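Work through the exercises below with the sequence and the model in view. Each task is followed by a solution in steps.

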Amino acid sequence: MEIIEKITTNKLVENQTEIQKICLHKLKLSPLPNPKSEIWRLSNKSKFSNFLDYSVNEENLKFDTPYPKNSQSTIRLIIGENCQIKLIEENYSIHQLSEDELDKYIKEQISVFDQNENWSDLLNLSLSCKKNILGLKINGSKIPPIEIFSHSSSNSFNAKTLVIFLEKNCDIELLQVNLGKKDSSLSQSTFCVLDENSSLNHGVVSYGETGSNLLNSLNVIQQKNSEYNLGSLHFKFNYARFEINIKQSEGNAKTNIKGIQITKKDEQISTYTKIDFNGPNGFLDQINKSLADDKSHAIFEGSIIVPKIAQKTDASQLSRNLLLSNLAQIDTKPQLEIIADDVKCKHGATISQLNEEELFYMRTRGITLAEASKLQLSSYFQEVISFIPVSKDRWDLLDKLLNEN
Amino acid sequence: MQSQMKESDPILEVNNLFASTNNLPILKGVSLTIYPGEIHAIMGRNGCGKSTLSKIIAGHPSYNITNGYIKFSGENINSLEPEERSQSGIFLGFQYPIEIPGVSNLEFLRVSTNARRKFLNKEELDTFDFEELVKEKLELVKMDQAFLSRSVNQGFSGGEKKRNEILQMALLEPKIAILDETDSGLDIDALRIVASGIKKISNAQTGIILITHYQRLLDEIEPNYVHVMADGQIIKTGGSDLALELEKKGYEWTDNFVKET
C-alpha cells in the first residue's frame, strides 16, 4: 500500500495545497477505513490493497477518448486536460469556479466529513492536484448536454475531482465517463449542488480495462423543488466502489436513481448509497441492479434515512440481482431508517437467475440459447441504460455490454 | 383408425413415450402418429399430461425422456435442442404465453422468423421487408400494428397473447403446430378469430394438435381424431364424436380407467 505509506511519511505530494494538507492530516490520523464498518466490511482486502499500490503519476496523461467523436451539440471536458471553459450564451452560462469559491466549498465539505463514510473523498482530495479539480457554475436553460471524462493512465494512480453548482431554475444533462486504463487506479470524487427548482439528469458510466480499479464517490445536495435523476453503469473493473451520498437538505425534492453494476471473472464491484431526507415531502425512486458471473462479487448496500423532520416522505428502493454462475456472489442490503411517522417507504431485494421459462419460450421460436440469453440480458440492462442521459444517441452502451458479456 | 394405410409418411410419430421430471414419471407410454393434413385433439383432465406432452415434443429441458422416441419427418428428435426443433418446423403455442419485458415484439418476431427461414434456405428478412410480411399476417388474427412496438406479450390481454401466438405460427409456417389450450381465456369473438387464423394457416402439408378441455374450439376446427389422456397415457382415441361424448359424460370415467390400470 504505497500510497498510504507515503501519506503517513508525508512524502507523497509536493507543493501541497491547503486542502491537500487538511485531508492528508485527517488521513494520517486514520490512514485506512475501518474494515469492520458497514460500508467497508465486504470490501475485498487484497483488491483494495492492490488499489492503493500504484504511484501517483500526473505525467503522460494524454489520452484519446475511445469514442464517440465529439459533437458540436455536446460540450466535452476532460478533467486534467482542457479544464478551461467560459461560455456565455443567450440562454445560459457555464463558468469555471474560482479558486476561492472551490476552496471555500471543499473546506466546508471536509469539515463535515466522516472518516469512514468519506474516506474515499479524503483520499481523493489529498491527492487531487489543482489541475485535476474542475469546478463549474451553471445557470440558464436550453444548455447543450455536457460530457465530462476522467481517466487513469496505466501503472498509475490518478485522482480527479469535479464540483458542479447548478443555479436556480437551471436544467442540464450531464454524462460523466470514468475510464480505467490497464493496471491503474482512478479516484473520482464528484460534488453536485442543485439550487432551488433546478434539475440534473446525470449519467455516470464507468468501465475499465484489465486490472483497473476505481473509487468513485458522488455527493449531491438538493435544495427544495430540485430534481436529481441518476442513471449509472459500472463494469469491467478488477475492483470498483461507487459511493453515492444524496442529501435533500430541506426535503421537497425529487430523486430518481437507476443503477447497474456488472461483474465477471474475479472482479468485485460495489455500490453504496445513502439518501438523507432532511425535510418533508421528499421523494425517492431507486432501483439498483447487479449482474454477477464467473467467480465475481457484486455488492449493494443502500440506506434511506428519514428523520422526524422528513414527514410525508415517499421513498422506494429496490435491489434486483441476477446471478449467472454458481461461483459468483451477490450481497445486497437495502435498508430504511425511519423516525418520522407519516411516511410511505418501501424496499425490497430479489436475486434470481436467467428466467428459464422465458428462455424456453424464445428457444421454441428458433432463437438459440445464446441469443435468447442475450435478449434477456438486453431487456435487463435496458431499463437502466435508457435512463442514462446523452448516451442514448452517442454511445452504444447496450451493444458494448452485450458484446462484452 | 390410426392403423389405416396412409399415402404419405407421418410428420410426427410419438412412440411409447415415457418421460419424467425430477424423477417423477409424467408420461407413461404415449403413442401418437400425425400425418400431413390431419388435425388431432387431445383432451383430458388437468394434470393428465397433455401440456407435458406438448412441452416434451417442443424440447423442454426440464423433462427427461426415459423410454420411447419422438420422430419428426422420420428423424428421431429426442436429443434435439428446442431451437433446432422449432427451426425444423415444430411449433408450440403456449397455454400461458411468456412476457418478456424490454424485448420488442417486432424484433422478437423477426429474429424467430429469420431463424426458421435460414433453416429453409430462404433469404433472411431485414426490418423493412419483415414489416411488410408481418402486416400481412396481422390481418389473419386481426391484430393492430401497435402490438408490434410493445414488449413481447407485456401488457397484452389474455386474448391478445393467444392471437400473438397464432401470429407467430403464421410467420413460422410450421409443419406441425401444437396448440396448448389456445382457447382458454378467449371470448366467443376472439375464439372465432383465432380459429379462423389457425384454419387459414393449416393446409394439406401441415399437422395440428389441439390441446383443449372444451368442445367449443372443436366446433370451429373439426378434428380428424380425438384422443383422451389420463395419468400420462392416451386411453381412448376416436373421431370428433368422442369430443361430443366427453362434453356430455365429463371426465369422471377416465378416473375409473386410471384406478383399473
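**Exercise 1.** Which residues in α2(A) meet which residues in α4(A)?

Solution. This is a predicted model, in which local features need pLDDT of at least 70, side-chain atom pairs count only at pLDDT 80 or more, and totals for chains, interfaces and linings use all residues. Residues are numbered from 1 along each chain as its sequence is written, while chains are lettered from A and ligands numbered from 1 in the order in which they are written.

Step 1. Find the helices: α2 covers residues 18-29 of chain A and α4 covers residues 99-111 of chain A. Helices (H or I, at least four residues) and strands (E, at least two) are DSSP runs, numbered from the N terminus.

Step 2. List the contacts, where two residues are in contact if their C-beta atoms, placed from the backbone, lie within 7 Å. From α2(A) come Glu18(A), Ile19(A), Ile22(A) and Cys23(A); they meet Asp103(A), Ile106(A), Lys107(A) and Ile110(A) in α4(A).

Step 3. Sort them by class: 5 are nonpolar, none polar and 3 charged. Ala, Val, Leu, Ile, Met, Phe, Trp, Tyr, Cys and Pro count as nonpolar, Asp, Glu, Lys and Arg as charged, and the others, Gly among them, as polar.

**Exercise 2.** Describe how α2(A) packs with α4(A), then how α6(A) packs with α7(A).

Solution. Step 1. Two packed helices are described by the angle between their axes and the distance between the axes. Axes are lines fitted to C-alpha atoms, for helices over the stretch in contact, and angles run from 0 to 180 degrees between N-to-C directions.

Step 1. For α2(A) and α4(A) the angle is about 10° and the axes are 10 Å apart. These two helices are therefore roughly parallel to each other. Angles under 35 degrees count as roughly parallel, over 145 as roughly antiparallel, 65 to 115 as roughly perpendicular and the rest as oblique.

Step 2. For α6(A) and α7(A) the angle is about 125°, with the axes 9 Å apart, so this pair is oblique.

Step 3. Name the residues of the second pair: Glu358(A), Leu359(A), Met362(A) and Arg363(A) in α6(A) meet Leu369(A), Ala372(A), Ser373(A), Leu375(A) and Gln376(A) in α7(A). By class, this contact has 5 nonpolar, 2 polar and 2 charged residues.

**Exercise 3.** How many residues of chain A are in contact with chain B, and which element gives the most to that side?

Solution. Step 1. Contacts link 16 residues of chain A with 19 residues of chain B.

Step 1. On the chain A side, the elements giving two or more residues are α6 (356-363) and α7 (369-385). With 6 residues, α7(A) gives the most.

Step 2. The classes on this side of chain A are 4 nonpolar, 6 polar and 6 charged residues.

**Exercise 4.** In what order do the 6 strands of the open sheet in chain B lie?

Solution. Step 1. The order is β6-β9-β10-β3-β11-β12, with mixed pairing. Two strands pair if DSSP finds at least two bridges between them.

Step 1. At the edges are β6 (90-93) and β12 (233-238) of chain B, each pairing on one side only. The twist from one strand to the next averages 20°.

Step 2. Take one pair: β11(B), residues 225-230, runs antiparallel to β12(B), and 5 bridges join them. Here Ala230(B) stands opposite Gln233(B).
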